[in-house]
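Visitor: I'm new here and would like a quick tour. Could you show me what we're looking at?

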Amino acid sequence: PDMNVKRELEGYQMADYIAIASNHVKESFLLHHYPLEKLFVNPYGVDLSMFHPMPEVEKEFDVIMVGGWSYQKGCDLIIEAVRKLNIRFLHVGGIVDVEFPMERGFKHVDSVDQSLLVNYYNKAKVFILPSRQDGFGMVLCQATSCNIPIICSKDTGGPDMKKYFGNTKAISILEVQTVKTLMVHIQEMLKFVDAQSANTVYYD
């Protein structure tokens, strides 16, 4: 409702500082002439006791996505890319506004307790998040903590994370969210992963 938007905008004006999680969100505030000195970029963290590599777990899936299955998260793009590449895909989370394909190559698991997510992350080779808009995407921190290469859109905290990790090849950024570009990034990342040894550490 317009009332909620009005209240939020007035709240921004009243606040001394606005804590935001990524630089792309900062740029959106600057686009609307919000004072730079009032913006505080504070990226999300992750509990490393909960999210960590599990080398003993078999990589049953090529690609995984964790979170709400929605248009906002680019799940329609994931469906077509997985179909055309004929790869094994796992989704963990709730179904929002995109129907999940009940067909070969796709597996869905309803939302689980956060303490159990580590078991699912470690079942996949690559994590994807082709969001059309996303403040950061805490799942990116969770995936990297499990030593899983990630593919994400520029409209997440992915570009920030890539910079933090020294421009690593294990983080691939989608500048344009299309089925074709997502397919290319998935193919390249799977080749990258398959070329590494089993004990490769992607993030320092």
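Visitor: In what order do the six strands of the open sheet come?

Guide: Strands here are DSSP runs of at least two residues and helices (H or I) runs of at least four, both numbered from the N terminus. Two strands pair if DSSP finds at least two bridges between them. The pairing in this open sheet is parallel, and its order is E5-E4-E3-E6-E7-E8.

Visitor: Before we go on, what kind of model is this?

Guide: Residues count from 1 along each chain as its sequence is written, and side-chain values use heavy atoms, leaving out hydrogens and water. Local features need pLDDT of at least 70, side-chain atom pairs count only at pLDDT 80 or more, and totals for chains, interfaces and linings use all residues, as the model is predicted.

Visitor: How many bridges join E3 to E6?

Guide: Strand E3 covers residues 61–66 and E6 covers 124–129, and they run parallel. Phe-61 stands opposite Ala-124 in E6. The number of bridges joining E3 to E6 is three.

Visitor: And which backbone oxygen does the side chain of Lys-38 reach?

Guide: Lys-38 sits in the loop between helix H2 (23–31) and strand E2 (39–41). Its side chain reaches a backbone oxygen at 2.8 Å, and that oxygen belongs to Ala-15.

Technical notes. A polar contact is a pair of N or O atoms within 3.5 Å; within protein, one must be able to donate a hydrogen and the other to accept it, and residues adjacent in sequence count only if both atoms are side-chain atoms.
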